[in-house]
Structure formats: C-alpha cells, structure tokens
Amino acid sequence: MARTGCGGDRCSCLIKAGPGMVVEGSGTSSAPYVVSREDLVDPPETEFVTKVVSLKVDTPQMIPADSSYHVVRFPYVESYDPHNMHDPVQPDGYQVVDWATNDRSGLIWPNITGWGLLTALLQWEAGGYGELRDQFVRSPFTAPDTTATDHRAPSPGAQFFTKHHEMFVSPSTPLALRVGHTDSTARRLTLAEFKLAILP
C-alpha cells in the first residue's frame with residue numbers, strides 16, 4: 001500500500017471503472033475494492049408487493065326497477081385497505097360524508113399502474129327477475145367505460161353470483177362495481193364484495 005500513498009486500514013486511491021466494468025467496496029480491510037465485469041454482478045433485488053383492497057357491504061341496498069345500472073356503495077369499515085385505495089377523502093379532492101347515500105363510496109382508486117385482478121360477489125333477494133346484470137366500470141361519474149358486463153338468468157329463490165376480470169389499472173382512473181335488474185319492483189342487493197389486486 002505504501003507505493004500508492006495509502007496508510008492504515010483504508011485506501012484513499014480513486015479507482016474508476018472502465019467500460020463494462022464495476023467497482024464495489026469502500027477500500028477498507030472489511031470492504032475492499034472489487035473490480036468485476038458488469039455482466040457478472042448480480043442485479044439489485046426488486047421488492048414485489050401485490051397491492052390489495054377488499055370491500056364488503058352487508059347493509060341491503062335497494063336497486064330501482066329501471067333497467068339501469070347503479071353503483072354499489074361500500075362503507076369505510078369492514079374492509080381491507082392497507083394502501084388507502086378506498087378512502088372517504090378521494091385523490092381528486094372529493095370527500096364522502098355518508099357512504100350509504102353517496103355513490104362515490106363505491107370507488108376504488110388504484111394507487112399504482114399495473115395489471116389488476118378484479119373480483120366481485122353479489123347476493124340478491126328473491127324476486128321476479130327476468131335478468132340480473134352486473135359490470136365493472138372505469139371513471140363512472142366522468143367518462144364511464146364499462147367492462148365484464150354480465151346478463152344473468154335468475155335461478156329459483158335468492159340469487160348468488162361471483163365474477164372475475166383482469167385488466168390494466170391506473171391511479172388516474174377510479175373503478176366501481178355496478179348492478180341492475182329487470183324486475184317490475186325495486187329489489188334488495190343483500191350482500192356485495194368488491195376486490196382489486198394489483199400485480200407488481
């Protein structure tokens with residue numbers, strides 16, 4: 001080390017990597033300089049975390065007999081939302097005061113761009129349905145863009161359904177679950193779940 005002007009247990013030399021080379025270490029005895037070919041250095045590990053929000057409502061919601069689609073509303077309790085994708089204070093500045101009367105309580109705001117896995121569970125009371133309808137929708141209050149629309153024939157008694165769809169999602173585009181029916185009178189949606197998982 002004397003010939004390089006270094007002393008003690010630390011080297012003060014400047015070591016610069018040339019093309020295709022990598023220098024690691026700090027020049028100490030415990031972390032000496034190591035010069036390697038760039039293609040032989042392990043890439044840094046990337047953290048892969050799936051972002052999940054899971055909403056549930058068991059307060060019955062009356063769905064009008066108008067053959068139209070209606071956003072399913074969800075409370076801000078009894079949910080799994082560690083990434084704040086379903087919050088009463090929404091990213092566009094709007095604040096929901098009463099989830100049970102405000103359709104904007106049905107919005108999920110993805111917090112990253114990625115491949116989204118959407119699932120839903122729907123349970124209706126028994127009725128005289130000709131058809132039951134459900135769909136996912138992007139930006140339902142500004143520029144509705146629907147997808148995964150299902151028209152379902154009723155079975156005897158109460159109606160229980162699940163659905164799954166996959167698509168790209170973005171923080172600028174909120175998502176909602178909408179339902180409708182063709183009965184001649186308003187009917188109760190007795191239970192609903194709406195979930196989004198965003199893959200890294």
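Which residues does Thr59 touch, not counting residues up to four places away in sequence?

Modeller: Thr59 touches Trp99 and Leu189, once residues up to four places away in sequence are set aside; contact here means heavy atoms within 4.5 Å. This is a predicted model, in which local features need pLDDT of at least 70 and side-chain atom pairs pLDDT 80 or more, while totals for chains, interfaces and linings use all residues. Residues are numbered from 1 along each chain as its sequence is written, and side-chain values use heavy atoms, with hydrogens and water left out.

Thr59 sits in the loop between S3 and strand S4 (61-63), where strands (E, at least two residues) and helices (H or I, at least four) are DSSP runs numbered from the N terminus. With a relative accessible area of 40%, Thr59 counts as partly exposed, a class that lies between buried (under 20%) and exposed (over 50%), for a 1.4 Å probe and protein chains only. Its C-alpha atom is separated by 8.8 Å from that of Ala100, although Thr59 and Ala100 are 41 residues apart along the chain.

Leu189 is among the members of the largest nonpolar core, of 26 residues, that touch the most other members, together with Val72, Phe74, Trp124, Leu177, Phe194 and Leu196. Such a core is a set of buried Ala, Val, Leu, Ile, Met, Phe, Trp, Tyr and Cys residues joined through side-chain atoms within 4.5 Å. Two or more residues of this core come from each of the strands S3 (51-57), S6 (114-124), S7 (132-138), S9 (159-169), S10 (175-181) and S11 (187-199), and S11 gives the most, with five. A second, separate core of five residues includes Val71, Leu107, Trp109 and Val137.

Two further loops can be followed from here. Asp183, in the loop between S10 and S11, is buried, with a relative accessible area of 6%. The side chains of Asp183 and Arg187 are joined by a polar contact of 2.7 Å, that is, a pair of N or O atoms within 3.5 Å, one able to donate a hydrogen and the other to accept it, with sequence-adjacent residues counted only if both atoms are side-chain atoms. Apart from residues up to four places away, Asp183 touches Ala65, Gly127, Gly128 and Tyr129, and its C-alpha atom is separated by 8.9 Å from that of Pro64, 119 residues apart along the chain. Glu125, in the loop between S6 and S7, reaches with its side chain the backbone nitrogen of Arg188 at 2.7 Å; with neighbours within four places left aside, Glu125 is in contact with Ala158, Ala186, Arg187, Arg188 and Thr190, so that Arg187 is listed for Glu125 as well as being joined to Asp183.

For another threonine, consider Thr147 in strand S8 (residues 145-152), which is buried, with a relative accessible area of 15%, and whose side chain makes a polar contact of 3.0 Å with that of His165.

As for the chain overall, its secondary structure comes to zero helices and 11 strands, and 36% of its 200 residues count as buried. Of the contacts between residues at least 6 apart in sequence, 67% join residues at least 24 apart.
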